[in-house]
Amino acid sequence: MNVKLVESLVQLIESLDIEEYALLQDKLQNRMIQKTAGVCGGHACIRQTRIPVWTVISLQLQGADYQEIIRNFPSLTIPDLSAVQAYYENNKSEIDRAIASHQDDADIEIND
């Protein structure tokens, strides 16, 4: 790990005014959610985990809290879950459609 680089970044971040800091946070949060063709059906996933946003949101809608989700997906962090929530707030219809389509798939499998 490059400690000097990290220290320099911290100093730089601390020098940002509030608007610049908010922009940085927004850009970092946006990078935590990725869509990659051919991965998880092209659905938005958390960083490089192959865990779709719709899966986490579906669990939350069923009553799971952050701690339960992290127990089930130990590679996730609180910042990951915050990014999921922000992505959902900005892309609600996309995620709701994904949840509904996967629910339809589950219903078909159960009824077959």
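How many salt bridges does the structure hold? In this predicted model, the structure holds three salt bridges.

One of the salt bridges joins the side chains of Lys35 and Glu94, with a nitrogen-to-oxygen distance of 3.3 Å. Lys35 is placed in the loop between β1 (33-34) and β2, and Glu94 belongs to helix α6 (residues 92-111), so this pair ties together parts of the chain that are 59 residues apart in sequence. Another salt bridge is formed by Arg47 and Asp80, whose closest N and O atoms are 2.6 Å apart. Here the partners come from the loop between β2 and α3 and from helix α5 (residues 78-90), respectively, so the contact ties together parts separated by 33 residues in sequence. The surroundings of these two residues can be described from their accessibility. Arg47 is partly exposed, at a relative accessible area of 30%, whereas Asp80 is buried, at 1%.

An α-helix has 3.6 residues a turn, so residues three or four places apart point the same way. Side chains of opposite charge can pair when their charged atoms come close. Lys92 is partly exposed, with a relative accessible area of 45%, and Asp96 is likewise partly exposed, with 27%.

Which backbone atoms lie close to polar atoms of the Thr49 side chain? Thr49 is located in the loop between β2 (45-46) and α3 (53-61). A polar atom of its side chain lies 2.7 Å from the backbone oxygen of Ile46. The backbone nitrogen of Ile51, in turn, is 3.0 Å from a polar atom of the Thr49 side chain. Beyond residues up to four places away in sequence, Thr49 touches Ser75 and Leu76.

Arg47, although not a glycine, has a positive phi of about 35 degrees. Arg50 is found in the loop between β2 and α3 as well, and this residue too has a positive phi, of about 65 degrees, without being a glycine.

Which residues make up the nonpolar surface patch? Leu5, Leu9, Leu12, Ile13 and Tyr21 make a patch of about 450 Å². Helix α1 supplies the largest share of this patch, namely four residues. Ile13 is located in helix α1 (residues 3-14) and counts as partly exposed, at 33% relative accessibility. Tyr21 lies in helix α2 (residues 18-31) and is partly exposed, with a relative accessible area of 38%. When residues up to four places away in sequence are set aside, Ile13 touches Tyr21 and Leu24. By contrast, the C-alpha atoms of Ile13 and Gly63 are separated by 36 Å, the two residues being 50 apart along the chain.

At its start, a side-chain oxygen of Asp17 reaches to within 3.0 Å of the backbone nitrogen of Glu19. The 14 residues of α2 should span 20 Å at 1.5 Å a residue, and the end C-alpha atoms are 20 Å apart, which agrees with that expectation.

Apart from neighbours within four places in sequence, Gln60 is in contact with Tyr66, Ile69 and Gln85.

Terms used: Residues numbered from 1 in each chain as written. Predicted model: local features only at pLDDT ≥ 70, side-chain atom pairs only at ≥ 80, totals over all residues. Heavy atoms only, no water. Helix = DSSP H or I, 4+ residues; strand = E, 2+ residues; numbered from the N terminus. Polar contact = N/O pair within 3.5 Å; in protein donor to acceptor, adjacent residues only side chain to side chain. Contact = heavy atoms within 4.5 Å. Salt bridge = Lys/Arg side-chain N within 4 Å of Asp/Glu carboxyl O. Buried < 20%, exposed > 50% of the residue type's maximum accessible area, 1.4 Å probe, protein only. Patch = residues over 30% accessible without salt bridge, like charges linked within 9 Å, V, L, I, M, F, W, Y side chains within 5 Å. Areas by Shrake-Rupley, 256 points an atom, 1.4 Å probe, with all protein chains shown as cover. Expected span 1.5 Å × (residues − 1).
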